[in-house]
Amino acid sequence: AERIKTLEGRPVPSYSEFLNVADIKEETDVASGKDTVKGVVTGLQKLVERERAIIEMASENGDETTADILTGFMGEQEKMIWMYNAFLK
């Protein structure tokens, strides 16, 4: 939200509004811990995909600060995906 405001944008102000625009939807019918981890992996993969697109757009527009911030986040999320997938195997 701080970066969005720095760029004079308007962050989504409420959780309910955020849920309406989110690509990653809440899973409510999860039967096991393994299914929960699979859902987390799916959500993280979607997040990384979205971050890659934003990094590309930011770089094309000369916003290296946003690209750098998201690159750091993405690195940690890719590591989590790897660790969760290792657990699932």
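I count a contact when heavy atoms lie within 4.5 Å. With that rule I looked up Ala-67, leaving out residues up to four places away in sequence, and found that Ala-67 touches Ile-55, Ala-58 and Ser-59.

I noted that this is a predicted model, where local features need pLDDT of at least 70, side-chain atom pairs count only at pLDDT 80 or more, and totals for chains, interfaces and linings use all residues. Residues are numbered from 1 along each chain as its sequence is written, and side-chain values use heavy atoms, without hydrogens and water.

The core has 11 residues, among them Val-37, Leu-44, Ile-55, Ala-67 and Leu-88. Helices α3 (33-60) and α4 (64-88) each supply at least two of the core residues; α3 gives the most, with 6 residues. I take helices as DSSP runs (H or I, at least four residues), numbered from the N terminus, and strands likewise (E, at least two).

Then I checked Ile-54, which is found in helix α3. Ile-54 counts as partly exposed because its relative accessibility is 28%. Leaving aside neighbours within four places in sequence, I found Ile-54 in contact with Thr-66 and Leu-70. The C-alpha atoms of Ile-54 and Ile-81 are separated by 19 Å, and the two residues are 27 apart along the chain.

Last, I looked up Val-12, which is found in the loop between α1 (2-6) and α2 (15-21). Val-12 counts as partly exposed, because its relative accessibility is 36%.

Note on methods: Core = buried A, V, L, I, M, F, W, Y, C linked by side-chain atoms within 4.5 Å. Buried < 20%, exposed > 50% of the residue type's maximum accessible area, 1.4 Å probe, protein only.
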